[in-house]
Amino acid sequence: RFIYQLHKAVVSTQSTGGIIKHLKSLISLTIDYLKSPGSEDVSFGCIRCLKLLLEHASPRIPSHSIDLLMCFVHVTSTSFDADNKKLYTESRNFVSSLRVLCKGSLDKHLECLKSFNNQGVQAMVEYVFAAK
């Protein structure tokens, strides 16, 4: 139900102005749902919603990039530990897209994550830097 409402909000505001108007609340709500333990469907729905936001609100996403990165560090570490490869791959790909969108402004934060004590996060950082 949540995913339906969230997608409906994003799709119904197809104009960039409508998305930008609600961007902060959409991102914070999605991050909260992504961080909370729940079903896999909710996590994938949140990632799909955030991908839509990357497409339609790309000029404003860099101002939320640190919050998104930290959320996906959490998702990546928990999905890697739980051996959920599909969620791990989706999270890793999202961080890679976010890095491209932010044009290198996330690089110093990603460098700091190399020393993070989780193999999944370290592998994600290596993948993101290797992706062009």
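**Notebook: salt bridges and the nonpolar core**

E111 comes out as partly exposed, at 41% relative accessibility. I note here that the model is predicted, and I read every value below as computed from it.

I looked up the partner of E111 next. Its side chain meets that of K114 in a salt bridge, with an N to O distance of 3.4 Å. K114 is partly exposed too, at 40% relative accessibility.

I then asked how many salt bridges the structure holds. The count is four, and the K114 to E111 pair is one of them.

A further entry is K85 with D83, whose side chains form a salt bridge at 3.4 Å, N to O. I checked the accessibility of both ends. K85 is exposed at 58%, and D83 is exposed at 56%.

The next pair I looked up is D107 with R99, where the salt bridge has an N to O distance of 2.7 Å. Are its two ends buried, partly exposed or exposed? D107 is partly exposed, with a relative accessibility of 22%. R99 has 18%, so it counts as buried, the cut-off being under 20%.

I moved on to the nonpolar core. The largest one has 32 residues. I listed those with the most contacts inside it: I27, L34, L50, I61, L98, L110 and M124. Which elements give two or more residues to this core? They are helix 3 (23-35), helix 4 (40-56), helix 5 (65-81), helix 6 (85-102), helix 7 (107-113) and helix 8 (119-130). As background, nonpolar side chains in soluble globular proteins tend to be buried together.

I picked M124 from that list and looked up its contacts, leaving out neighbours within four places in sequence. M124 is in contact with V73, T76, Y88, R92 and V95.

Is V95 buried or exposed? V95 counts as buried because its relative accessible area is 1%, and the cut-off is under 20%.

I then looked up what V95 touches, with residues up to four places away in sequence not counted. The contacts are L69, F72, L110, M124 and V128. L110 and M124 are also in the list of residues with the most contacts inside the largest core.

Last, I looked up the spacing of V95 and M124. They are 29 residues apart along the chain, and their C-alpha atoms are separated by 8.3 Å.

Technical notes. Residues are numbered from 1 along each chain as its sequence is written. This is a predicted model: local features need pLDDT of at least 70, side-chain atom pairs count only at pLDDT 80 or more; totals for chains, interfaces and linings use all residues. Side-chain values use heavy atoms; hydrogens and water are left out. A nonpolar core is a set of buried Ala, Val, Leu, Ile, Met, Phe, Trp, Tyr and Cys residues joined through side-chain atoms within 4.5 Å. Buried means under 20% relative accessible area, exposed over 50%, partly exposed in between (1.4 Å probe, protein chains only). Helices (H or I, at least four residues) and strands (E, at least two) are DSSP runs, numbered from the N terminus. Contact means heavy atoms within 4.5 Å.
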